[in-house]
Amino acid sequence: MYMSQEIKKETLAEKVKRESKALRGTLKESLLDEHTGSLRANDQLLLKFHGMYQQDDRDRREERALKKLDRLHSFMIRLRIPGGMIGPVHWEALHNIAGENSTGTIKITTRQTVQLHGILKSQIKPTIKAFDQVFLDSIAACGDVNRNVTCTSNPSASPLHKEVYSYAGEISRHLLPKTRAYYEIWLDEKQLVEKEEPLDPLYKDVYLPRKFKIGIAIPPHNDVDVFTNDIGLIAIIEGNELKGFNVAIGGGLGTTHGNAETYPRLATVIGYVSKKDVLKVVYEIVTVQRDFGNREDRKLSRLKYTVDRLGVDFYKAEVEKRSGIQLQPAKDFKFNTRTDEFGWMQDSLGNWHYTLFVENGRVLDEDNYLLKTCLLEVSKTRRAVFRFTCNQNLILSDIFPKDKALIESILEKYGVIKKTLEASPIRKNSMACVALSTCPLALAEAQRYLPSLIDKIEVLLMKHSLKNDPITIRMTGCPNGCARPYISEIGLVGTAYGKYNLHLGADWEGLRLNQKYKENLNEEQILSELDQMFSRYSKERNAKESFGDYVVRAGILQRN
Ligand code: SRM
Ligand code: SF4
C-alpha cells in the first residue's frame, strides 16, 4: 500500500479506495444482482469514480415507506467534457440516450458538463455503451480524483481561445486514473490479471483524499469562477500569444452547517508558470495534496484546508521541489465579467456563436417551450457545436456565416431567441443546484423553486426601478455550494425545507466572497429583506456601483 503519511484511523472511504483493486470493487457482481435496484454499499462509493451516483426519488420516499417498499433507486451519470464542448453528433446521441434511459431532462451543470438522472440499474451499462459509441465517457467525473476541467467557454473571448481550451483536455487526460476498470465493468473489455496492471503513477492505490477541481479562465472573463477551484489557472496572453498561466491554489466552497472548522475559500495566486511547464506544476500540486491532504476527516480534506494547514509558502516550495520548476511572480490580469454574453457574437475568424439562456441548466420540453426539440433540430443540421457554460447556459457555436440564418430560423421557430431576450437580467444571472428530488444531501429546494422566487423578486426590482440591473443570485439546497452561492451578490443557502440563509456582498468579478447576512429565512422574510435592501440601493448607490459592492460600502453586513 502507498503510504505518504501516518493515518491513525482509516475512514471507510479510504478503506474502500485502497481495497478496490483499482476501482473495480465488486461492481460487476453488484450489477448482476437482480433482487435490488441498488448497488452494494462499498460499490456505491466506487461508482462515483466512474462518474455516477446512486440516488433515489425523494419525492416518493414517504409514499413508498408507507407501502413498506424499498426506496426508488436510480442513478445519475455525469459526463466528462473538459472545456464543455461537444459536437452536434454528440448532442443528438445525448438527446436520444436521455430519452431512452433517463428522465429525459438534460441538466447542464455548473461545471460545464451534463448530467442525466433516473437511470435504472439495468440501464447503466447500455447508457455507458451508447455514450462510448460517440466517444463520450464519464470517467472521473466524480470521486476523489481530478474532475471535469473547466475553461472559459466563449470562443470569441479571445483569438487564442482554442489554444487555451486545449489545455482543459490535456490536463484532464494527464490526470485521469490509469486503471482499465471503467472499460472492463461497463464496456466488457477483457479483464486484466491483477499483476498486469501497474500501480497508478499519480493516484497509487489511495487516490486523492477528496474531490479535486481545476478551472482555466481567460481574462477579462471569469465565467468559470476560477478562484473557487482547487487549482485555478489564469491564461496570460501577451502580444497575441499565450505565454503561460498564473496559478492559484486552494479554492473551494463546501461548508457544513454548524461546523465552524469548514469554510468557503478563494484560491491564492502562488505565481506564474510558462505554458510548457504548466502540466508538470499542476501534476505536482495534485501529488502534494495526495500526500499531505487530510485522510481522517472528509469534512476537512479538500486542498483548501491542506493549504491553510501547511501554509501557502510551504505548499508552493514543495510543488517547486517536486516539479523542479521555480514559479515566477504572478503576472498582471484583470477580470471584468463572469456572466455569459447572451445572443449572437462573432469571433475573430468571422464565425458566429449564439448564447442562449437555459434556466438552471435544465434542457427539456415543456408545454409551451420545446427547448429540447429545438436543440435536436439544431444538432441535426450539423452546423453548430454545443458549448456548455459554467453559468448553466449553452452556446451554439462555431457557426459559419453562411449557416447563421438557418440556425437563427430554428431558434426563432421554437421561441428560444424570444425567451433569451425577454428573461430579466437577474434571471439570466441566476443559478440553482439540482437539490430535490434527486440530491440526497438537499435540505431545501433549489432549481425547482428559484424560478418562482425570481418572479417575485422581479416585482421588487421593478418597484425600485432596478429591473435592468444584472444582479447575480444563486441558490443551493444545502451548504455544499454546488451553484457557488458564496460568490454571488445574493446567495441563498438551504437550511431546512422552505428556509434559507441569506448571503450578501460578493463582487461582480468573482474576487470576493459574500457573507452570511441572516439565517433561516422563509420566502416572506427573504422578500422583505430584499425589498428594504433594494430600496436603499436604488437611492444610495454610487454611479455604476454593483449591488454587492454597495452592500459592503454601506456597512450593511457589519451591522449584523
Ligand atoms: Fe456538487 C455533492 C451536484 C458543482 C460542491 N454535488 C454533490 C452531489 C453529487 C450530491 C452527493 O454527493 O450525493 C450533487 C448531485 C445532485 C444531483 O442530484 O444531481 C451535486 N454539484 C452538483 C451539480 C450538478 C450542481 C448543478 O446543479 O449544476 C454540479 C456538478 C458539477 C460537475 O459537472 O462536476 C456541482 N459542487 C459543485 C460546485 C461548483 C463548482 O465546482 O464550480 C461545488 C462548490 C465548489 C467546491 O467543490 O468546493 C460543489 N458538491 C459539492 C460538495 C461540497 C464539497 C466540499 O468541499 O465540502 C458536495 C458534497 C461532498 O462532496 O461531500 C457535492
Ligand atoms: Fe445537493 Fe447541496 Fe449540491 Fe444542491 S448544493 S446539489 S442540495 S449537495
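Where is the place of Lys544? Select Lys544 and you land in the loop between helix H17 (523-540) and helix H18 (547-553). This is a predicted model, so read everything on this tour as computed from it. Lys544 has a positive phi of about 60°, although it is not a glycine. It counts as exposed, at 87% relative accessibility.

**Stop 1: the iron**

Now select ligand 1 and centre on its iron atom. The protein gives that iron a single donor, the SG of Cys482, 2.3 Å away. Follow the chain around Cys482 and you are in the loop between strand E19 (473-476) and strand E20 (490-496).

**Stop 2: the shell around ligand 1**

Show the residues surrounding ligand 1: there are 30 of them, and the closest are Thr109, Leu253, Thr438, Cys482 and Arg484. Colour them by type and you get 10 nonpolar, 12 polar and eight charged. Strand E1 (52-56), strand E2 (73-78) and strand E5 (114-119) each supply at least two residues of this shell. Next, colour by domain. Domain 1 (145-338) and domain 3 (427-559) both give residues to the shell, so ligand 1 lies between them.

- Arg484: a polar side-chain atom lies 2.6 Å from an oxygen atom of ligand 1.
- Arg210: a polar side-chain atom lies 2.9 Å from an oxygen atom of ligand 1.
- Cys439: a polar backbone atom is 3.5 Å from an oxygen atom of ligand 1.

Stay on Arg484 for a moment. What is its phi like? The phi of Arg484 is positive, about 50°, although this residue is not a glycine. Arg484 sits in the loop between E19 and E20. Is Arg484 buried or exposed? With a relative accessible area of 5%, Arg484 is buried.

**Stop 3**

Now bring up ligand 2. Cys433, Cys439, Cys478 and Cys482 are among the residues surrounding it, and the others are Ala435, Leu441, Ala442, Thr476, Gly477, Asn480 and Gly481. This shell divides into seven nonpolar residues, four polar and no charged.

Click on Cys433 and you are in the loop between strand E18 (430-432) and helix H16 (450-463). Cys433 is buried, at a relative accessible area of 11%. While you are there, move along to Ser437, also placed in the loop between E18 and H16. A cis peptide bond joins Leu436 and Ser437, with omega about 15°.

**Stop 4: another cis bond**

Jump to Pro219 and Pro220. The peptide bond from Pro219 to Pro220 is cis, with omega near 5°. Pro220 lies in the loop between strand E7 (214-217) and strand E8 (231-238).

**Stop 5: helix H12**

Select residues 371-381, which make up helix H12. Eight of the 11 residues of H12 are buried, so this helix is largely enclosed by the rest of the structure. Which residues of H12 are buried? Highlight Leu371, Lys372, Cys374, Leu375, Leu376, Val378, Ser379 and Thr381. Step past the end of the helix and you meet Arg382, whose phi is positive, near 60°.

**Stop 6: side chains that reach the backbone**

Start with Asn391, found in the loop between strand E16 (385-388) and strand E17 (394-399). Asn391 is buried, with a relative accessible area of 9%. What does its side chain reach? The side chain of Asn391 reaches the backbone oxygen of Arg338 at 2.9 Å.

Then select Thr420, found in helix H14 (residues 416-422). At 2% relative accessibility, Thr420 counts as buried. Its side chain reaches the backbone nitrogen of Phe357 at 3.2 Å.

Definitions and conventions. Residues numbered from 1 in each chain as written. Chains lettered and ligands numbered in written order. Predicted model: local features only at pLDDT ≥ 70, side-chain atom pairs only at ≥ 80, totals over all residues. Heavy atoms only, no water. Donors = N, O, S within 2.8 Å, 3.2 Å for Na, K, Ca; no water. Helix = DSSP H or I, 4+ residues; strand = E, 2+ residues; numbered from the N terminus. Near = heavy atom within 4 Å. Polar contact = N/O pair within 3.5 Å; in protein donor to acceptor, adjacent residues only side chain to side chain. Nonpolar A, V, L, I, M, F, W, Y, C, P; charged D, E, K, R; others polar. Domains from an automatic or database assignment. Buried < 20%, exposed > 50% of the residue type's maximum accessible area, 1.4 Å probe, protein only.
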